[in-house]
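Open the model in your viewer and keep the selection tool ready.

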Amino acid sequence: MPDLPERRAPEDLEGSTNRPDPATGTFVTHRNLLFTVAYELLGSAADAEDVLQETWLKWVGVDLAEVRDQRAYLVRIATRQALARLRTLGRRKESYIGPWLPEPLLTTPDVAEDVELAESVSMAMMLVLETLAPTERAVFVLREVFGLDYEEIAEAVGKSQAAVRQIAHRARAHVAARRPREAVSPAESRDALAAFHRAIQTGDLQNLLDILAPDVVLLTDGGGIKQAALAPVIGAESVLAVFGRLHASRSISPAQVNGYPALVIRIDGELDTVLAVRVNEGLITGLYAVRNPEKLSRMDQETPLSR
């Protein structure tokens with residue numbers, strides 16, 4: 001096994017002119033992919049970064065001569081680490097104060113251009129994935145998003161191929177029943193969000209009401225740190241009452257969050273809320289407001305994702 005203390009962590013090589021060793025080079029090549037896998041399984045960038053570190057420590061102890069497909073092998077390690085952490089994260093969520101929302105990511109423009117990737121990391125889809133059991137979530141993500149074959153997935157989750165096929169079928173049906181009937185393009189989301197933004201800025205409550213679906217649901221995540229509704233706010237009139245009280249001193253600007261258009265709300269220049277939406281047939285059916293400051297650290301720089 002390589003002497004770990006002498007190994008340099010992958011992030012230490014950024015900007016370095018030294019050629020990395022094969023293990024490090026392969027890890028750096030697939031780093032964004034591994035982060036994306038871990039994030040889609042966990043919904044937490046901080047936990048995804050921890051999974052990357054754990055994956056790295058295991059990877060440097062691998063005999064590369066014995067590895068047939070290095071990308072698949074790394075994904076397998078990351079998946080196993082994420083699954084172990086996902087079960088721990090589930091226990092943390094049970095004691096979480098108020099609704100739990102995924103950690104929003106300020107994403108690079110190429111994420112929005114990859115329609116399947118953008119949909120898979122959208123706030124709406126991440127919440128659908130939250131309703132899956134850990135193994136179901138891993139199987140669905142690895143198969144539907146990253147296109148791994150059943151043999152690779154079986155090795156990653158520790159199940160037989162036959163079992164994985166059954167899990168994949170069950171997970172697809174579960175997701176299909178909860179995702180929007182038709183895929184919504186970023187342009188459609190952008191138009192609905194722009195109309196919402198204008199209505200907020202002008203204080204035109206009727207226009208705000210017009211862009212909200214009658215059964216719209218608002219989830220606010222304050223984590224017990226920031227003021228937030230402790231239960232979903234349901235119905236256009238109830239949601240209108242919340243946003244109709246936004247103070248004029250708050251600045252609102254558009255941003256690309258989790259591959260889709262979103263709004264960033266600041267108070268006195270300080271980041272206060274990231275607001276993502278779910279759109280169906282031109283109306284906003286879901287609003288996801290992340291206020292917990294512990295979840296907003298990824299909004300100061302773009303996070304690259306890949307498949």
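Select Asp268. This residue sits in the loop between E4 and strand E5 (270-280); helices (H or I, at least four residues) and strands (E, at least two) are DSSP runs, numbered from the N terminus. Phi of Asp268 is near 55 degrees, a positive value in a residue other than glycine. Asp268 is exposed, with a relative accessible area of 71%. Buried means under 20% relative accessible area, exposed over 50%, partly exposed in between (1.4 Å probe, protein chains only).

The model is predicted: local features need pLDDT of at least 70, side-chain atom pairs count only at pLDDT 80 or more, and totals for chains, interfaces and linings use all residues. Residues are numbered from 1 along each chain as its sequence is written, and side-chain values use heavy atoms, leaving out hydrogens and water.

Next, Asn258, in the loop between strand E3 (250-257) and strand E4 (260-267). Its phi is near 50 degrees, again positive in a residue other than glycine. Is Asn258 buried or exposed? Asn258 is buried, at 1% relative accessible area.

Now select Phe35 and Trp59. They have the most contacts inside the largest nonpolar core, which has 55 residues. Such a core is a set of buried Ala, Val, Leu, Ile, Met, Phe, Trp, Tyr and Cys residues joined through side-chain atoms within 4.5 Å. Helix H1 (22-42) is one of the elements that give two or more residues to this core. H1 gives the most, with 10 residues.

Stay on Phe35. Beyond its neighbours within four places in sequence, its contacts (heavy atoms within 4.5 Å) include Leu52, Leu105, Arg298 and Leu305.

Finish at Ala199, Leu208, Val239 and Val279. A second, separate core of 26 residues includes them.
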